[in-house]
Amino acid sequence: MNKLLFILALMCFKPAYSQIVNKVTDPVEWVNPLMGTASKPSLSNGNTYPAIAVPWGMNFWSAQTGTMGNGWAYTYDADKIRGFKQTHQPSPWMNDYGQFAIMPVTGKLRYTQDDRASWFSHKAEISKPHYYSVYLADADVTTEITPTERAAQFRLTYPRSDSSWVVVDALDRGSWIKVLPAEQKIIGYSSKYARGPLKNFKNYFVIYFSKPFTIAKTWKGGTQDRQGNWTTPNKLEKDSLEINANHSGAIVGFKTVKGEKITLRVASSFISVEQAELSLRKELAGDTFDETRAKAKTAWNNALNRIKAEGGTSEQTATFYSCMYRALMFPHKMYEIDAAGKPIHWSPYTGDVKPGYMFAGTGFWDTFRALYPFLNLVYPSIAKEMQEGLLNDYKEGGWLPEWSSPGYANIMIGNNSASVVSEAYLKGLRGYDINTLYEALTHGANNEGPMEAVGRFGVKYYNELGYVPYDVKINENAARTLEYAYDDFAIYKLGQALNKPAAEVEVYRKRSLNYRNLFDPSSGLMRGKNLDGKFQSPFNPYKWGDAFTEGNSWHYSWSVFHDIKGLIGLMGGRAKFVSKLDSLFSLPPIYDESYYRSVIHEIREMQIADMGQYAHGNQPAQHIIYLYNYGGEPWKTQYWVREAMNKLYKATPDGYCGDEDNGQTSAWYVFSAMGFYPVCPASDQYVLGAPLFKKITMTLENGKQVVINAAANSPANKYVSTLTYNGKPYGMNWLSHKELFKGAVLNFNMVPVPNKVRGTKESAFPYSLSDEKN
């Protein structure tokens with residue numbers, strides 16, 4: 001190349017900088033529902049599926065690339081779709097309940113999941129929260145779906161064919177289907193669920209077709225043994241339009257011309273076919289497919305517009321709203337609206353139909369940390385409904401659920417319903433029976449439940465010794481102790497707010513200090529303790545599991561959300577505390593997986609993130625970055641929070657750094673992008689970080705606005721030099737929930753060099769229980 005051409009080439013080259021988005025008017029268009037779908041059991045980049053839904057809808061829809069019944073319903077690297085599934089699945093590990101599938105087919109009559117499967121490409125796929133479209137190559141059919149809370153519309157565009165079909169699969173574990181050709185309708189139910197037992201569980205459905213059937217059949221799925229051998233074959237029924245079997249299905253057919261569109265109107269109910277019909281008439285009414293799509297889009301924009309993020313890059317904007325979308329799904333509505341307009345629900349505890357609200361599909365071990373605080377701040381009306389749902393859980397089942405899927409699921413640890421209930425009331429939610437919920441909390445805190453994950457497993461030891469011993473065959477004992485201590489704090493604060501007797505409340509305050517019993521001065525970390533009061537030995541702080549839950553001592557030693565000042569004292573003061581925090585990020589990502597006998601995906605996600613021992617992909621670590629604020633070095637929080645947002649989140653199929661977990665990991669990002677985070681949910685405070693955008697405007701339900709300005713924000717300007725609150729200098733390392741609800745304007749002056757003076761005095765530090773005078 002001659003010199004002139006070389007110079008011209010340099011002049012033409014421009015680096016690929018991201019476009020700055022100064023105004024967002026249609027936030028739903030920034031959402032990528034495929035974020036996190038490039039996942040598998042051995043490595044989670046989110047473990048999500050592209051849910052077609054409205055916020056907190058009772059039903060979601062998703063293309064199903066995995067086999068029916070496989071928790072990995074949709075994975076980005078798949079190349080075939082087996083059906084379009086109505087789902088309530090909170091995660092692949094929890095799997096699904098009440099699912100059934102619809103699939104268009106052409107040509108030869110193919111109805112089993114493998115035979116009907118069609119190749120597809122992401123190049124011919126559109127995925128939005130309110131609308132999904134994909135071209136099925138084998139069938140030469142384009143499938144479109146758009147939702148309401150309890151119903152949906154399908155639009156199927158067929159080729160010219162004498163043999164165009166729709167297959168309905170009610171799945172196995174007991175199902176029923178009836179075809180009604182005169183009404184152009186299919187009704188049925190699925191009783192499949194993954195976590196139970198559930199009493200009288202059925203998901204009834206009704207499907208109306210816009211075109212009469214020329215042929216209709218039912219079919220019965222075969223059965224396989226544990227080796228995968230067919231013991232009974234799949235069978236197409238000859239003369240029956242109704243079938244009740246372990247695995248029931250239906251097929252309807254028609255002739256189509258090229259480009260012909262057939263619409264399906266679908267609704268379901270956990271109560272009855274009649275209730276499904278009622279929901280269909282109410283929610284779909286006489287709307288066309290496009291009208292339903294427009295309403296669903298409006299529902300999402302109304303919810304997403306509560307927070308306007310401006311002045312970020314296109315990638316940051318997409319990531320923000322994609323995370324916000326995930327934070328507005330679970331827990332999902334399990335209640336329905338009867339003919340009188342009243343909420344009713346099928347009870348997973350009694351099997352009966354009851355009045356009132358019910359929600360499901362969330363695990364409090366994950367979501368008490370940021371998801372519920374997010375809802376209480378931005379969407380208190382739906383959060384109030386959730387509290388009323390918890391009240392019904394307790395009345396009908398005798399306990400509060402810790403993992404509702406949709407009844408009690410025996411998984412994970414802690415008694416974190418205490419935080420979820422207490423925080424909501426302490427953050428101002430009213431208009432429900434909080435005294436009965438307080439009774440539910442004290443009942444759960446002082447009793448073992450019907451299974452390990454309900455109530456408090458090991459409560460006798462905890463209440464008598466102040467910890468759950470390592471050597472009494474109670475797994476994850478140290479983690480239980482630490483979480484019970486925080487949960488006791490939450491009950492203590494709620495009891496105070498309700499003016500409960502001082503002696504009663506004091507019990508929970510004292511128990512909330514039980515975290516001290518597991519602190520090992522020799523390592524400066526939390527450690528399991530035996531029944532005789534001696535620490536368990538040998539001790540490896542890099543050992544995952546055992547005394548801890550999906551983490552090691554380095555992750556759990558910071559789980560003293562309510563009394564970081566007390567933890568600092570145990571660690572020997574602020575300098576040693578900060579040094580210990582620094583070590584978390586500088587240590588190599590070594591691990592001991594011997595407890596699990598294999599490397600679980602959470603370990604691998606920590607290892608590959610290149611952030612030392614910090615394991616953001618699992619919930620126990622997610623608050624740790626913010627703890628520098630309690631040690632007088634808030635600029636380190638500002639540094640690491642920006643690192644985590646930039647490195648660990650992207651609106652791409654591999655966009656998370658571990659399981660997304662029902663909105664929790666997404667809520668972390670949304671909070672952090674706004675510049676603050678609820679380290680201790682059952683307090684009034686949010687701990688400061690640094691905002692990601694130049695401007696965020698949060699519109700509260702009371703009409704007030706919180707405006708967060710950071711005009712100088714940039715990749716280099718990640719540190720907070722000064723902060724004003726409503727025009728006045730503000731030197732605290734925290735914000736008050738109560739004060740934010742009055743409306744606020746926060747102006748962050750962002751700079752490239754840390755301000756090592758602001759926020760360094762103890763008077764600026766966030767709340768700790770040790771600050772209270774007893």
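Me: What order do the three strands of the open sheet have, and which pairing?
Reply: In this predicted model, the order is β25-β26-β27 and the pairing is antiparallel. Strands are DSSP runs (E, at least two residues), numbered from the N terminus, and two strands pair if DSSP finds at least two bridges between them.

Me: What makes β25 and β27 edge strands?
Reply: β25 (335-337) and β27 (353-355) each have a single partner strand, so one side of each has no neighbour in the sheet. On average, neighbouring strands here are turned by 35° against each other, direction ignored.

Me: How do you know that β25 pairs with β26?
Reply: Three bridges join β25 to β26 (residues 343-346), where at least two are needed. The two strands run antiparallel, and I337 stands opposite P343 in β26.

Me: Why does the span of helix α4 agree with its number of residues?
Reply: The expected span is 1.5 Å times one less than the number of residues. For the 16 residues of α4 (residues 289-304) this should give 22 Å, and the end C-alpha atoms are 23 Å apart, which agrees. A helix is a DSSP run of H or I with at least four residues.

Me: Which residues of α4 are called buried?
Reply: They are F289, T292, A296, W300, N301, A303 and L304. Buried means under 20% relative accessible area (1.4 Å probe, protein chains only). These buried residues pack against elements including β8 (131-136), α3 (273-284) and α5 (314-326), contact being heavy atoms within 4.5 Å.

Me: What limits apply to the model?
Reply: Local features need pLDDT of at least 70, and side-chain atom pairs count only at pLDDT 80 or more, while totals for chains, interfaces and linings use all residues. Residues are numbered from 1 along each chain as its sequence is written, and side-chain values use heavy atoms, leaving out hydrogens and water.

Terms used. Buried < 20%, exposed > 50% of the residue type's maximum accessible area, 1.4 Å probe, protein only. Axes fitted to C-alpha atoms, helices over the stretch in contact; angles between N-to-C directions.
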